[in-house]
Amino acid sequence: MSENSIRVMQNRDMGKVTSKQRFAKVFALGGTYLFLCVMALIVLFPFYWMLISSVKSLAEYRLSKPTFWPQVLLFSNYADAFSTANLGRLFLNTAYVGIVSTILSLFITIITAFAFARLEFKGKELLFAGLLATMMIPGELFTITNYITVSSLGWTNTFTALIVPFLVSVFYIYLLRQNFLQIPNELYLAAKVDGTSDWKYLWKVMVPLALPTLISITILKMMGAWNSYIWPRLVSNDEAHRLVTNGLRNAFKDTSGEVNYPVQMAAVALVSAPLFLVFIFLRKYIMAGVSRSGIKG
Amino acid sequence: MKIVLQNLTKAFPSRNKKSSEEVIAVNNFNFEIPDGKLIGLLGPSGCGKSTTLYMISGLQKPTSGRIFFGDDDVTELSTENRGIGLVFQNYALYPHMTVKQNILFPLQNLKGEDKLTKEQMLERAYQAAKLVQIDQLLDRKPSELSGGQQQRVAIARALVKMPRVLLLDEPLSNLDARLRLQTREEIRRIQQETKITTVFVTHDQEEAMSISDMIVVMKTGIVQQIGKPQDVYDDPANLFVAKFLGTPPINVFEGQVKGGKLYIGSDAVLELTNVADQPVTVGIRPEGFLLDDNGPLKCKPVNVEVMGRDVSVVSTHEASSNPFVRSIINADNKIDIGQEFVRYAIKPHKIFIFNKETEERIYFEVK
Amino acid sequence: MVESKQQWKAWIYLAPAIVLLLVFTVWPIVNTVRMAFLEDYSIAMASGGEASFRLGVGNFVKVAQYQDFLVCLKNTVLLCVITVPISTLLALLVAVALNSIKPLRKTLQTIFFLPYVTNSIAIGMVFAAMFNIVGSLGTRRPLIQTVGIVNNVIEFFGGSYVNWINNGSSYWANMFVLIVYIVWNALPFKILILLGGLQSVNKQYYEAAKVDSTPRWRVLWRITVPLLSPMIAYVVITGFIGGFKEYTSIVGIFGESLGPAHAPGRLNTMVGFIYDALAQHHQGRASAAALILFGIILIVTLINLQVSKKRVHY
């Protein structure tokens with residue numbers, strides 16, 4: 001076969017393959033987008049339904065043919081929801097518990113991670129391995145005894161019971177220690193030469209350098225307070241100390257019958273709003289924190 | 001401020017847990033560093049030069065021996081109380097602080113009567129920055145600086161406390177070749193302006209030779225030789241020092257002293273006195289060769305590398321310990337590679353002989 | 001590097017964490033095991049500690065014979081076994097699809113992450129609303145005002161409405177709602193992890209596959225899945241661990257009655273069982289159940305690890 005004829009054959013093959021391939025490619029790409037959009041709609045639909053239901057009148061909500069855009073925007077549902085579920089009180093309680101426990105927890109996490117990353121002491125490796133081992137045990141196993149402990153300490157129906165048992169998170173200590181270990185040793189030696197104490201080095205150098213991790217921890221911890229349900233229900237479920245999730249569930253106990261769904265949806269939207277706001281502004285840190293931690297709140 | 005090292009020894013516990021043997025990183029180091037000089041600690045990696053530096057800094061404690069700054073015994077003094085500045089190999093700048101904050105940082109730790117006002121600190125920081133010529137960069141972050149600029153910031157940070165002693169750990173190793181030349185001149189200039197006793201560590205002999213007032217050559221924790229760079233180069237104490245200093249490196253041959261003559265292979269290159277007959281190792285500096293049609297050393301030429309002012313002749317010799325013998329000759333000489341042999345005469349002060357066993361220098365007189 | 005003899009300093013830094021861990025982590029482990037193996041522990045507590053403390057496995061026997069426990073165990077296992085594969089597969093498809101597009105990727109990625117930042121009780125209430133039939137069911141003549149948006153969609157496509165969660169609804173209708181909600185809730189984390197894994201896969205493998213003109217499904221099955229196998233193993237294991245602790249999503253949809261009006265408690269899970277026992281001051285029973293839960297999670301994790309050791313391709 002002459003060189004020429006080979007080239008001709010190649011050209012013809014190429015032409016055929018590309019037109020066929022192009023079709024397959026467009027088809028596949030279209031399919032991909034279609035799939036993603038359908039999935040995205042499924043994911044978004046509950047949010048959409050929550051929002052439009054929250055501004056419908058009860059009569060409109062009960063129409064046998066649903067409306068996908070409310071006929072009248074009834075924002076008073078939100079005011080009703082706020083008072084029905086006593087959301088103001090719940091928000092304040094939750095914010096208090098969230099902020100106090102986050103600050104204390106960050107402080108303990110920082111100093112503990114620092115000791116494990118930087119200081120030398122006997123039994124360091126063993127102690128750290130022991131800490132990591134506790135991560136395998138499901139939290140429910142601790143809850144039983146902690147409930148007894150908290151009761152016998154007289155902490156029932158106090159904020160203390162909601163804050164103190166969860167101040168130490170082995171996982172956050174682990175996360176931060178790994179971050180601290182990445183900081184070059186020379187920085188520590190340089191600080192030593194400059195006469196910097198361990199304490200000052202920790203707060204002036206290590207903490208600023210580990211800031212992204214600390215922000216992730218802060219957000220996850222706050223989300224935890226916002227979403228916690230089981231433990232608060234056990235130990236502090238009185239009016240003065242109730243947290244937002246419990247309050248929400250308590251205020252709308254019934255799932256069927258004559259429930260005022262629009263008001264309920266307005267309450268749900270109000271409770272969800274802070275989380276969404278945090279997500280919008282700090283998406284990067286949340287996603288980074290979650291992909292490393294794999295824990296919800 | 002002179003620094004005196006007295007029987008300084010550092011032993012590390014062995015990595016291998018089963019053996020109780022210790023690794024001696026620095027062995028019985030004695031040296032008096034004169035005030036206001038620039039000293040280079042030189043040696044291959046693992047020779048103990050960095051350990052010595054860290055012991056002077058106080059970051060590591062000696063196993064035995066004493067360290068004096070002037071007349072003060074600082075052996076037990078902690079790092080921050082020694083009044084030293086230390087520049088790390090990777091500069092160790094705080095990445096989240098600006099250049100200014102980095103330089104200010106050591107000043108903010110001063111306590112008691114050393115405490116400075118804000119204005120004094122800023123003034124000192126500005127002066128230090130000016131000295132290393134980075135006063136235009138004060139508001140940048142380290143990541144926005146080139147390697148050379150980071151190096152200067154690190155030096156400024158070390159100098160701002162007005163240390164009694166300045167220590168530099170491999171200060172040039174992270175820079176590219178051109179910056180390295182420039183920066184080493186810079187270090188020399190800064191040292192001469194501040195007159196601070198300065199010790200730096202390097203594995204690059206050229207770097208050490210070019211800027212040091214004195215060099216200390218070390219090997220496996222033991223000091224091999226101390227002296228002015230030129231003296232050490234011209235008069236190496238042993239084969240290791242001779243081999244370690246000089247680019248291109250010294251040529252080494254198997255040789256023999258017999259009947260008052262020094263033989264390299266079968267070539268009798270030199271007549272000498274007061275050396276007993278024995279096999280020896282011979283070192284000849286590349287610049288010690290002279291083209292001479294009647295010269296005693298016969299080499300087979302392989303290649304000629306033109307270096308401008310000089311040419312480097314690559315040749316072989318049967319008694320050479322290395323594959324090639326390298327000589328540096330004035331470019332005016334014409335060498336024909338085609339010829340079977342080049343003949344060299346040897347400059348007597350560029351040839352050294354060493355004991356074959358101990359590798360210690362054997363001194364001789366030319367007849 | 002710096003030789004400090006001040007060991008006590010480290011212990012000062014550690015002190016707060018150690019004290020709290022001893023009280024709220026170490027002691028609970030010891031105490032839970034102790035309570036689980038003591039007979040009549042809670043009765044002993046109630047009568048002022050005078051009763052004899054006998055060791056035994058009575059609590060475990062009681063738990064295992066308890067009808068409620070078996071219901072809880074069945075619900076938990078069913079939910080795990082059904083939701084983990086579905087959510088993993090869907091997440092894998094979404095992640096692969098997301099990874100193959102350029103425009104809109106960031107937006108879609110954000111949308112798919114949204115369910116993560118929600119309160120599972122609150123959004124559970126939204127799901128309940130979507131599946132809820134407003135009216136009076138279970139009476140002779142049901143009076144229905146609206147069948148709910150999900151049933152509206154079914155009727156739009158010509159089907160007839162289903163009683164999902166209301167009075168008189170069937171077990172599997174309830175389960176279906178739970179499965180949909182749990183999968184919806186589990187997707188974001190899995191997509192995030194799998195997409196992260198995909199983005200670190202070397203593009204050259206795909207170029208090579210393209211040169212060989214390998215069909216798409218084959219690329220997915222023979223290249224992507226094996227290369228992603230460590231991440232897949234990770235999301236499956238964490239999915240099972242999370243699945244065995246499922247509780248709040250059920251509270252979200254059915255409220256604290258944990259079932260439709262005619263059958264409260266029908267959808268309770270292991271965690272729910274533990275808390276119920278605790279609320280009724282049966283500490284021994286709760287401890288035994290918690291240990292059983294721990295044992296199950298441990299075994300499932302070990303099996304998963306064993307399987308993935310064989311299947312994970314590096």
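What percentage of the 367 residues of chain B count as buried? In chain B, 52% of the 367 residues count as buried, where buried denotes under 20% relative accessible area, exposed over 50% and partly exposed in between (1.4 Å probe, protein chains only). The model is a predicted one, in which local features need pLDDT of at least 70 and side-chain atom pairs count only at pLDDT 80 or more, while totals for chains, interfaces and linings use all residues. Residues are numbered from 1 along each chain as its sequence is written, chains are lettered from A and ligands numbered from 1 in the order in which they are written, and side-chain values use heavy atoms, with hydrogens and water left out.

Chain B contains 8 helices and 22 strands; helices (H or I, at least four residues) and strands (E, at least two) are DSSP runs, numbered from the N terminus. Along the principal axes, the C-alpha atoms of chain B fill a box of roughly 75 × 50 × 40 Å. With contact defined as heavy atoms within 4.5 Å, residues 24 or more positions apart account for 66% of the contacts in chain B that have a separation of 6 or more. Chain B exposes about 17,100 Å², 47% of which is supplied by carbon and sulfur atoms; accessible areas come from the Shrake-Rupley method with a 1.4 Å probe, and for residues only the protein chains shown count as cover.

Within chain B, helix H4 (residues 147-159) and helix H5 (residues 177-194) pack at an angle of about 20°, and their axes lie 11 Å apart. Axes are lines fitted to C-alpha atoms, for helices over the stretch in contact, and angles run from 0 to 180 degrees between N-to-C directions. H4(B) is therefore roughly parallel to H5(B), given that angles under 35 degrees count as roughly parallel, over 145 as roughly antiparallel, 65 to 115 as roughly perpendicular and the rest as oblique. The crossing of H4(B) and H5(B) is right-handed; a crossing is right-handed if the near helix is turned clockwise from the far one by less than a right angle, and left-handed if anticlockwise. Residues Gly148(B), Gln151(B), Arg152(B), Ile155(B) and Leu159(B) of H4(B) meet Leu179(B), Gln182(B), Thr183(B), Glu186(B), Ile187(B) and Ile190(B) of H5(B). By class, this contact comprises 5 nonpolar, 4 polar and 2 charged residues (Ala, Val, Leu, Ile, Met, Phe, Trp, Tyr, Cys and Pro count as nonpolar, Asp, Glu, Lys and Arg as charged, and the others, Gly among them, as polar).

Chain A has 14 helices and 0 strands. In chain A, helix H4 (residues 87-118) packs against helix H8 (residues 170-181) at an angle of about 50°, with the axes 8 Å apart. H4(A) is therefore oblique to H8(A). Residues in this contact include Ile110(A), Phe114(A) and Ala117(A) of H4(A) and Ile173(A), Leu176(A) and Phe180(A) of H8(A). The contact of H4(A) with H8(A) has 10 nonpolar, 2 polar and 1 charged residues.

Chain C comprises 13 helices and 4 strands, and 53% of its 314 residues are buried. Asn99(C) is located in helix H4 (residues 67-99) of chain C and counts as buried because its relative accessibility is 18%. Apart from neighbours within four places in sequence, Asn99(C) is in contact with Arg105(C), Leu195(C), Leu198(C) and Gln199(C).
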